[in-house]
Amino acid sequence: MATSVKFDEFDKFTEQLFSDIRKMRDTKGREYARTADRFDNFNRLAAELQIPREKVWQVYFTKHWDAIRSYIDNKREFSDEGIYGRMVDAITYLTLLAGMFKENASVGDKGKKTKSDVKTANKSIRRRPRV
């Protein structure tokens, strides 16, 4: 049975969630990337496997998404890592993908998006499967 969550309660929850995401980003991110390049681990594995780094990202992200889907389907956790931690990981990976897209995009003067960015974004949106 669903319960009612007030806006201020949800805001407090999301502030904690964002704090946990920042901690994850700052700890595991430094552990996995061996250089100053934030995407080093993705770039290294992509080069080794000769695939786009976004495909490497997809493999890492899917592990967490599968665990979340399993929890939704089974209403239970099967590992020591809790479902909240899996969500933090998944959101962290989404921020990484957004960063890769940003890095890939052409940015004009003073950070303004160029027409090519709009075309690229529109193509990406059109390619997404409908759910």
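Here is a short chat about how this predicted model is put together.

Reader: What do I need to know about the numbering, and how many helices and strands are there?
Author: Residues are numbered from 1 along each chain as its sequence is written, and side-chain values use heavy atoms, leaving out hydrogens and water. As this is a predicted model, local features need pLDDT of at least 70 and side-chain atom pairs count only at pLDDT 80 or more, while totals for chains, interfaces and linings use all residues. Helices (H or I, at least four residues) and strands (E, at least two) are DSSP runs, numbered from the N terminus. Along the sequence the pattern reads α-α-α-α-α, and the count is 5 helices and 0 strands.

Reader: What percentage of the protein's residues count as buried?
Author: Buried means under 20% relative accessible area, exposed means over 50%, and partly exposed is in between (1.4 Å probe, protein chains only). Of the 131 residues in the protein, the buried ones make up 22%.

Reader: Which residues does Leu96 contact, leaving aside neighbours within four places in sequence?
Author: Contact means heavy atoms within 4.5 Å. Leu96 is one of the residues with the most contacts inside the largest core. With those sequence neighbours set aside, the partners of Leu96 are Arg38, Phe39, Phe42 and Trp57.

Reader: Is Thr92 buried or exposed?
Author: Thr92 has its place in helix 4. Not counting residues up to four places away in sequence, Thr92 touches Ile21, Met24 and Arg25. Its relative accessible area is 5%, so Thr92 is buried.

Reader: And what about Asn41, buried or exposed?
Author: Asn41 lies in helix 2. Not counting residues up to four places away in sequence, Asn41 touches Tyr32, Ala33 and Tyr60. Since its relative accessible area is 9%, Asn41 is buried.

Reader: Which helix gives the largest share of the lining of the second largest pocket?
Author: On a 1 Å grid over the protein atoms alone, a pocket is an open set of points where a 1.4 Å probe fits, with protein on both sides within 12 Å along at least five of seven lines; lining residues have an atom within 4 Å of a point. Of the 16 lining residues, Lys28, Tyr32, His64, Asp89 and Tyr93 are the closest to the centre of the second largest pocket. Helix 1 (7-32), helix 2, helix 3 and helix 4 each supply at least two lining residues. The largest share, 5 residues, belongs to helix 1.

Reader: Which loop holds Lys75, the residue with a positive phi of about 55 degrees?
Author: Most residues other than glycine have a negative phi. Lys75 has a positive phi although it is not a glycine. At 63% relative accessibility, Lys75 counts as exposed. Lys75 sits in the loop between helix 3 and helix 4.

Reader: Where is Gln50 found?
Author: Gln50 is a residue other than glycine with a positive phi, near 55 degrees. With 73% relative accessibility, Gln50 counts as exposed. Gln50 is in the loop between helix 2 and helix 3.

Note on methods
A nonpolar core is a set of buried Ala, Val, Leu, Ile, Met, Phe, Trp, Tyr and Cys residues joined through side-chain atoms within 4.5 Å.
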